[in-house]
Amino acid sequence: MAAQILDGKKLSRETESELGARVVALKQDNDGIPPILATILVGADPASATYVRMKQNACRRIGMESIAVEMPSETTTKELLEKISELNANKNCHGILLQHPVPAHIDERACFDEISLEKDVDGVTCLGFGRMAMNEEAYGSATPQGIMRLLEAYKIPLEGKHAVVVGRSPILGKPMGLMMLNANATVTICHSRTTNLPEIIKTADVIVGAVGRPEFIRSKWIADDAIVVDAGFHPGGFGDIELEPLHNRVAALTPVPGGVGPMTINTLILQCVEAAEKALSSS
Ligand code: NAP
């Protein structure tokens with residue numbers, strides 16, 4: 001049977017029309033001020049610039065605004081911390097996105113952690129991560145949170161399933177593992193020192209590829225009827241998983257492109273709308 005396609009593009013479009021209505025309501029209640037996301041781009045990496053532009057465009061599509069902060073590659077950690085602190089204090093900024101990665105000489109972790117919890121709509125702070133892990137209120141890291149929303153929308157059960165996450169980065173693999181654990185999956189997180197990766201993947205009911213290497217996870221490692229989530233995106237339209245041979249064999253899969261990518265951006269703007277709603281209700 002053909003695998004069910006977990007269509008992130010479709011779900012994100014549907015969510016955008018609902019978010020548009022929430023933005024209209026917010027503006028009415030807030031003197032015409034929409035939710036505003038600050039995007040911070042440091043340096044001139046073309047891929048990062050494209051991602052930031054896509055996020056700004058998503059804001060525009062739902063009537064939100066964005067503050068575009070662009071800083072040169074030579075920016076110091078101190079200068080970036082100061083800029084974040086200024087945005088934290090700006091009442092007309094509801095969410096802050098610091099585009100990863102920043103140039104290597106900058107202490108990215110310190111800068112992420114400078115973002116106040118209420119504005120951490122991309123889910124990158126240690127505090128937000130810890131709260132999420134403890135099942136306390138916090139904005140989830142956008143990519144894994146987007147994956148959870150996609151699985152939920154397609155009513156994919158995680159309880160009691162063996163979920164294997166390949167990758168343990170702070171913004172993707174690690175929070176993904178904890179979110180799935182919180183959803184009562186039995187979770188294995190794999191990384192570059194994992195031995196017997198193919199054998200572990202063969203036991204997965206749900207497999208998440210977050211490795212950063214095109215088609216690194218081979219289709220033959222994946223069991224029939226698995227749920228396949230591919231977070232990767234590489235030039236040529238490849239993901240981290242060899243997807244093509246899986247279409248007639250697994251239960252469901254996220255396409256590349258059009259699966260996880262649109263859900264990441266959609267989750268960022270959804271969480272920014274939520275942050276603006278919370279700011280308004282507590283003002
Ligand atoms: P990352 O920071 O480079 O992390 C890659 C992870 O993969 C690391 O934990 C690494 O393990 C692990 N890994 C590397 N080689 C491995 C191997 N041979 N066997 C097993 N594990 C291995 O990457 P990331 O930021 O998490 O991104 C992962 C993928 O997701 C990339 O393809 C990226 O383009 C994509 N992504 C997509 C979105 C989106 O919006 N769709 C957003 C973010 C990222 P160690 O920890 O041991 O080094």
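The following legends describe close-up views of a predicted model.

Local features were taken at pLDDT of at least 70 and side-chain atom pairs at pLDDT 80 or more, whereas totals for chains, interfaces and linings use all residues. Residues are numbered from 1 along each chain as its sequence is written, and side-chain values use heavy atoms, with hydrogens and water left out.

**View A. The three-stranded open sheet β3-β2-β4.** The pairing in this sheet is parallel. Strands (E, at least two residues) and helices (H or I, at least four residues) are DSSP runs, numbered from the N terminus; two strands pair if DSSP finds at least two bridges between them. β3 (65-71) and β4 (95-98) are the edge strands, each pairing on one side only. Neighbouring strands of the sheet are turned by 20 degrees against each other on average, direction ignored. Strand β2 (residues 36-42) is joined to β3 in the parallel sense over seven bridges, and L41 stands opposite E70 in β3. Helix α2 (residues 46-61) packs on the sheet and touches β2, β3 and β4, where contact means heavy atoms within 4.5 Å. The direction of α2 makes about 170 degrees with that of β2; axes are lines fitted to C-alpha atoms, for helices over the stretch in contact, and angles run from 0 to 180 degrees between N-to-C directions.

**View B. The six-stranded open sheet β1-β9-β8-β7-β5-β6.** Pairing is parallel in this sheet too. Strand β7 (residues 206-209) and strand β8 (residues 227-230) pair in the parallel sense over four bridges. V208 stands opposite V229 in β8.

**View C. Packing of helix α1 (residues 8-29) on helix α9 (residues 260-281).** The two helices pack at an angle of about 20 degrees, with their axes 10 Å apart. α1 is therefore roughly parallel to α9; angles under 35 degrees count as roughly parallel, over 145 as roughly antiparallel, 65 to 115 as roughly perpendicular and the rest as oblique. Their crossing is left-handed, that is, the near helix is turned anticlockwise from the far one by less than a right angle, with clockwise giving a right-handed crossing. Among the contact residues are L11, L19 and L26 of α1 and I269, L270 and V273 of α9. The contact divides into 11 nonpolar, four polar and six charged residues; Ala, Val, Leu, Ile, Met, Phe, Trp, Tyr, Cys and Pro count as nonpolar, Asp, Glu, Lys and Arg as charged, and the others, Gly among them, as polar.

**View D. Packing of helix α2 on helix α9.** The axes of α2 and α9 come within 10 Å and cross at roughly 55 degrees, which means that α2 is oblique to α9. The crossing is right-handed. M54, K55, A58 and C59 of α2 meet I265, L268 and I269 of α9. Six residues of this contact are nonpolar, none is polar and one is charged.

**View E. The salt bridge between E14 and K10.** The side chains of E14 and K10 meet at 3.6 Å, N to O. A salt bridge is a side-chain nitrogen of Lys or Arg within 4 Å of a carboxyl oxygen of Asp or Glu. Because E14 and K10 are four residues apart in helix α1, about one helical turn separates them. The structure holds 10 salt bridges.

**View F. Backbone features in loops.** The peptide bond from V256 to P257 is cis, with omega near 0 degrees, and P257 is in the loop between β9 (252-253) and α9. N135, although not a glycine, has a positive phi of about 65 degrees.
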